[in-house]
Amino acid sequence: MGLLGAHVSAQGGVQNAPKRGAELECDAIAIFTKNQRQWRARPLKEEEIEGFKENMKRYGIKIALSHDSYLINLGSPKEETYKKSVEAFVDEIIRADQLDLPYLVFHPGSHLGEGEEWGLKKIAEGIEESLSKVPESRVMLLLETTAGQGTNLGYRFEHLAEIMDMVGEKNRMGVCFDTCHVFAAGYDIRSEEAYHETFDEFDSVIGLDKLKAFHLNDSKFPLGSKKDRHEHIGEGEIGIEPFRLLVNDPRFREHPMILETPGGDVWYSANLKLLRDLIE
Ligand SMILES: [Zn+2]
Ligand SMILES: [Zn+2]
């Protein structure tokens, strides 16, 4: 049935996130470990780190993931942005490590006109450079599937496979499967047949053993639209059926499944209830 949950706010400090998750009855949560719209942040304080770990236990959250800042672009052809991105990415890894988070989910990056092959190489270079600065880190970096808006890479399973192939330390890499993004990118999952075809393709291109987490979102825009706009579960172009298949898929029983639907906590509750009702 997966470990169901949502992306919750870390306002007031990361230590507040587990309680918010528990109020929504989450088994899993995702957080930003710093303001996602700023390059720099002060380091986490010891009391925040300890408070977070304590509250994870106290509120019975089974797993927490971090999501990287939206500013980071490891595929940037602009040297200054690339450098800032590596620096910020390393900081993300350090924070996730301090909080004992097993996974850091990140958007691969955008090539901004330099071309896809160039961008994929640059991203792999950025990941390797970042990893080399934190050799002791235990955090696994999860490449997120993307919708393919603009020059964003990661909208083909082949992109993710290629990046992972180029990164030396493969055991430090995995994938986060976002249902909205994958669908907007052109992979159908709406019928049982299409669902199985898409996961078979994922398995042959990347390997299902590399799939570590999900973002569960319906899509406002149709199949192949390449537009990244999340919708409430069952209310969008994907519809309810694939979510029923996902939460009952025995292959994904231990996988965190994180909602990023619009509208905040009230809607998270409604979406989570809907997903739980689908479990057979
Ligand atoms: Zn996502
Ligand atoms: Zn999205």
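Before I turn to the chain itself, a convention: helices (H or I, at least four residues) and strands (E, at least two) are DSSP runs, numbered from the N terminus. With that in place, Gly 12 can be located in the loop between strand S1 (3-7) and helix H1 (17-23).

What we have here is a predicted model, in which local features need pLDDT of at least 70 and side-chain atom pairs count only at pLDDT 80 or more, while totals for chains, interfaces and linings use all residues. Residues are numbered from 1 along each chain as its sequence is written, chains are lettered from A and ligands numbered from 1 in the order in which they are written, and side-chain values use heavy atoms, with hydrogens and water left out.

Let me stay with Gly 12 for a moment. I call a residue buried under 20% relative accessible area, exposed over 50%, and partly exposed in between, using a 1.4 Å probe and protein chains only. Gly 12 counts as exposed because its relative accessibility is 64%. Gly 12 and Glu 48 are 36 residues apart in sequence, and their C-alpha atoms are 9.8 Å apart in space.

Now the overall chain, which has 9 helices and 12 strands. Its radius of gyration, 18 Å, is close to the 19 Å that the globule rule gives for 280 residues, so the chain is as compact as a globular protein of that length; the radius is taken over C-alpha atoms, and the rule is 2.2 Å times the number of residues to the power 0.38. Along the principal axes, the C-alpha atoms fill a box of roughly 45 × 45 × 30 Å, and buried residues make up 55% of the 280.

How is the interior put together? A nonpolar core, as I use the term, is a set of buried Ala, Val, Leu, Ile, Met, Phe, Trp, Tyr and Cys residues joined through side-chain atoms within 4.5 Å. The largest nonpolar core has 74 residues, of which Ile 127 and Leu 216 touch the most other members. Helix H3 (residues 79-98) gives the most to this core, with 7 residues. A second, separate core of 12 residues includes Leu 3, Ala 30, Ile 63 and Tyr 103.

That brings me to the metals, where donors are N, O and S atoms within 2.8 Å of the metal (3.2 Å for Na, K and Ca), and where sites may look incomplete, since water is not among the atoms.

Which residues hold the zinc ion (ligand 1)? Its protein donors are Glu 144 (OE), Asp 178 (OD), His 215 (ND1) and Glu 260 (OE), lying 2.1 to 2.4 Å from the ion. The 4 donor atoms subtend angles of 91 to 168°, which makes the arrangement irregular. Four donors count as tetrahedral if all angles lie between 85 and 135 degrees; four count as square planar and six as octahedral if opposite donors are over 155 degrees apart and all others between 65 and 115; anything else is irregular. Asp 178 is buried, with a relative accessible area of 0%, and His 215 is buried at 2%.

Finally, the two zinc ions, ligand 1 and ligand 2, are 4.5 Å apart.
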